[in-house]
Amino acid sequence: MTTPSHNNRIWITIDGRSLQVPPDITIREAAALAGVEIPTICYHDALTPNAVCRICVVEWRGARTLVPACVARVADNAIIQTNSRRVRTARRTLLEMLASAVDLSQAPEIQAMMQEYDADPDRFGPEARRRETGGVKDDNPFYVRDYDKCILCWRCVQVCAEDVQHTFALGFNHRGFDTEIATFFNLGMKETTCVFCGNCVGVCPTGALKGKRLYELELRGDS
Ligand code: SF4
Ligand code: FES
């Protein structure tokens, strides 16, 4: 594709469709202009993209690896496939790994993705290690934390920090598979800088953070 660019716009091809787009946008944004929706999990409109989940990967012709569409920016004459076999296989594997380790029973958007990509977490067998973080943390009147349901998307940490609230009550503990969202020194929420704004609950995509009222209704079987 060698058509010259005009008006400070560049040519790209997405899923076989050529179009002109601004030069400084991400692949995700360019795909939206082409009418193509790329799945995301860690991405949130109000937060700085951190590209930790990798569900949004796409194939960029000539690139050695798949690239995350939520942060990678388009370039002139890029040829991008958002739904190729390689892309779908990567997304399916990622979803299977997530679901084999984390309780996604209250993550309807991710469940829908699992159907879309035909993900089968049982492929990893009964020995697959699961997140076990010691049960629901119920230490304040406003919300509970159940990190067995946490996919480490980092949204809650970001919304609590510079992106929105500037409260910095949340961080993480441990490394690798054992990484866990946590308060400093694992203090109860009331002993931290948390102001109980509820933003972290609002951005959590898996039900790991939940308002206390809803949690209690669910325990009683009323919701
Ligand atoms: S608690 Fe929710 S928002 Fe925070 S990292 Fe885990 S899944 Fe993401
Ligand atoms: S949505 Fe792009 S890496 Fe998570």
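**Entry 1: a residue pair in the sheet**

I started at Trp-60 and found that this residue stands opposite Ile-80 in β5. I note here that the model is predicted. The strands concerned are β3, residues 57–60, and β5, residues 78–81. I found them running antiparallel, joined by two bridges.

Helix α2, residues 85–101, lies across β3 and β5. I noted its direction as about 155° to β3.

**Entry 2**

Which order do the five strands of the open sheet take? I read β2-β1-β5-β3-β4, and the pairing is mixed. β2 (17–21) and β4 (67–68) are at the edges. Each of these has a single partner strand, so one side of each has no neighbour in the sheet.

I went on to β1, residues 10–14, which pairs with β2 in the antiparallel sense over five bridges. Within this pairing, I found Val-21 in β2 as the bridge partner of Ile-10. The hairpin of β1 and β2 has two residues between the strands. In that hairpin, Asp-15 takes a positive phi near 50°.

I kept a general point beside this: most residues other than glycine have a negative phi.

**Entry 3: other positive phi values**

Asn-77 sits in the loop between β4 and β5. I counted Asn-77 as partly exposed, because 15 other C-beta atoms lie within 10 Å.

His-166 also went on the list, with a positive phi near 55°. I placed His-166 in the loop between α4 (155–160) and β7 (170–173). Is His-166 buried or exposed? His-166 is exposed, because the count of other C-beta atoms within 10 Å is 10, and 12 or fewer is the cut-off for exposed.

**Entry 4: Gly-135**

I found Gly-135 in the loop between α3 (108–116) and β6 (143–145). Gly-135 counts as exposed, because there are 9 C-beta neighbours inside 10 Å. I also checked Gly-135 against Cys-153, which is 18 residues away along the chain. Their C-alpha atoms are separated by 19 Å.

**Entry 5: ligand 1**

Cys-153 came up again at ligand 1. Which of the 14 residues around ligand 1 come nearest? I noted Cys-150, Cys-153, Cys-156, Cys-204 and Ala-208. I sorted the shell around ligand 1 by class and got 12 nonpolar residues, one polar and one charged.

**Entry 6: domains**

I took the domain assignment as it stands: domain 1 covers 10–83, domain 2 covers 87–124 and domain 3 covers 143–220. The centres of domain 1 and domain 3, taken over C-alpha atoms, are 29 Å apart. In the contact between these two, I found nine residues from domain 1 and 11 residues from domain 3. On the side of domain 1 that touches domain 3, I listed six nonpolar residues, three polar and no charged.

**Entry 7: overall figures**

The protein has six helices and nine strands. Its C-alpha atoms fill a box of roughly 60 × 40 × 35 Å along the principal axes. Of its 223 residues, 35% count as buried. I also looked at contacts between residues at least 6 apart in sequence, and 58% of these join residues at least 24 apart.

Conventions
Residues numbered from 1 in each chain as written. Chains lettered and ligands numbered in written order. Predicted model: local features only at pLDDT ≥ 70, side-chain atom pairs only at ≥ 80, totals over all residues. Near = placed C-beta within 6 Å. Nonpolar A, V, L, I, M, F, W, Y, C, P; charged D, E, K, R; others polar. Domains from an automatic or database assignment. Contact = placed C-beta atoms within 7 Å. Helix = DSSP H or I, 4+ residues; strand = E, 2+ residues; numbered from the N terminus. Buried ≥ 20, exposed ≤ 12 C-beta atoms within 10 Å, placed from the backbone. Pairing = 2+ DSSP bridges. Axes fitted to C-alpha atoms, helices over the stretch in contact; angles between N-to-C directions.
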